[in-house]
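This explanation leads the reader through the structure shown below, beginning with the surroundings of its ligand and ending with its backbone.

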Amino acid sequence: MIKGNFPTTQFESFETPFYYYDMALLRETLDTIRKETAGKPFHIHYAIKANANEEILKLIASYGFGADCVSGNEILRALECGFPAHRIAFAGVGKTDREIRIGLENDIFCFNVESMAELEVLNELAAEMGKKAPVALRINPNVDAHTHQYITTGLNENKFGINEQDLPTLLRMIADGGHINLIGMHFHIGSQITDLSSFEDLCVKALELREWFHTQGVTLPVINVGGGLGINYHHPNHCPIADFESYFRLFEKYLKLEEGQTLHFELGRSVVAPCGSLITRVIYVKEGIQKKFLIVDAGMTELIRPALYQAFHHIENISSEKPYTSYDVVGPVCESSDVFVRDFMLNESKRGDLIAIRSAGAYGETMASNYNLRELPASRYSDNI
Ligand code: LLP
């Protein structure tokens with residue numbers, strides 16, 4: 001089996017666990033996105049929640065991409081790392097007054113508004129500050145993304161977004177409020193979507209809604225289709241870059257833009273997941289009755305995805321070339337769900353071996369916690385190892 005390309009000898013002297021980022025792969029990914037969107041009215045807002053590491057943000061910002069933020073602190077981090085305010089979209093169901101003010105003070109590109117209650121507060125705060133808030137309404141397209149229930153977001157019965165039947169009221173509120181500048185509609189149907197036909201359904205819905213807005217005399221220059229493009233967690237070495245070509249081609253084909261309209265994407269996982277690996281060390285090999293366990297020094301505190309979403313991450317022993325044997329790879333945290341994988345074939349392993357948990361660049365480090373009073377993981381980059 002092919003393995004990833006890791007500087008294992010250098011890793012030997014490092015304390016584990018840590019996140020390792022292959023910056024060359026990240027550059028290649030960003031080059032691909034740039035190539036696939038060149039000459040099209042497409043704008044990328046990288047979803048900071050996927051990975052808010054400063055080195056990574058600076059590199060992404062240097063490509064001229066924008067940012068999608070879900071907290072005031074993410075907006076501040078994005079600005080510090082070089083994302084221009086006029087390319088920052090601010091999403092989230094529970095924006096606080098402080099966070100809204102941060103957005104308004106910095107004149108960000110757009111607030112993705114998720115409820116009437118939020119629209120009211122935004123109008124009030126903008127009035128106080130003598131501003132007009134640029135807004136895209138996050139509408140529930142009621143499209144099934146065929147992904148894990150915790151990361152499906154575009155269905156009607158969901159805490160996110162506005163239902164279609166509320167739109168007439170919202171338009172009246174905007175007209176009466178005076179401090180909202182309605183510039184667009186926003187959608188997000190879910191994450192880790194590999195069946196691209198869900199995005200086709202989204203395009204159909206977006207066009208239908210555009211027509212409805214026209215009937216109300218409203219023309220919206222911005223259509224934001226959110227994020228969600230999935231990656232191949234099973235074959236990180238064969239498929240290190242998401243299928244951006246098919247993804248962008250699909251939108252070009254099914255979502256014909258009007259003159260002056262731009263299409264916005266909030267990609268997170270597909271940009272950063274493949275370039276990150278969690279590097280951990282075997283503390284003990286434990287022989288069970290019918291199984292062998294590798295107890296490693298990373299756990300759900302460093303990477304919660306397997307415990308929280310039954311997510312699969314490919315795992316490699318990067319210190320051993322011995323024959324393959326089956327293991328459960330588990331962490332040290334006092335929770336039975338602290339398991340990375342069960343019955344997985346790895347090169348025969350011993351105490352001290354280094355293990356790479358692959359495709360962990362998105363929603364890995366950003367979701368780490370210090371439960372059990374564990375340290376937060378360090379990060380290292382291939383550029384300056
Ligand atoms: N835009 C909105 C409004 C979102 O809610 C999200 C992700 C994105 C963009 C970026 O989506 P992406 O391109 O990364 O799929 N922690 C989970 C994923 C949660 C996704 C939340 N929203 C996981 O580890 O799978």
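**The ligand and its surroundings**

In this predicted model, the shell around the ligand is made up of six nonpolar, six polar and six charged residues. In this division Ala, Val, Leu, Ile, Met, Phe, Trp, Tyr, Cys and Pro count as nonpolar, Asp, Glu, Lys and Arg as charged, and the others, Gly among them, as polar. Residues are numbered from 1 along each chain as its sequence is written, and side-chain values use heavy atoms, with hydrogens and water left out. Local features need pLDDT of at least 70 and side-chain atom pairs count only at pLDDT 80 or more, whereas totals for chains, interfaces and linings use all residues.

The ligand is surrounded by 18 residues, of which the closest are Ser191, Glu266, Arg305, Tyr309 and Tyr363; a residue is near a molecule if one of its heavy atoms lies within 4 Å of it. Because domain 1 (8–18 + 274–384) and domain 2 (23–273) both contribute residues to this shell, the ligand lies between them. The domain bounds come from an automatic or database domain assignment.

Serine 191 places a polar side-chain atom 2.4 Å from a ligand oxygen atom. Glycine 228 has a backbone N or O atom 2.9 Å from an oxygen atom of the ligand, and for glycine 268 a polar backbone atom is 2.9 Å from a ligand oxygen atom. Of the 580 Å² that the ligand exposes when taken alone, the protein buries 92%, with accessible areas taken from the Shrake-Rupley method with a 1.4 Å probe.

**The backbone**

Aspartate 343, in strand E14 (residues 339–347), has a positive phi of about 45° although it is not a glycine. Serine 359, also not a glycine, has a positive phi of about 55°; this serine lies in the loop between strand E15 (354–357) and strand E16 (378–381).

Methods
A polar contact is a pair of N or O atoms within 3.5 Å; within protein, one must be able to donate a hydrogen and the other to accept it, and residues adjacent in sequence count only if both atoms are side-chain atoms. Helices (H or I, at least four residues) and strands (E, at least two) are DSSP runs, numbered from the N terminus.
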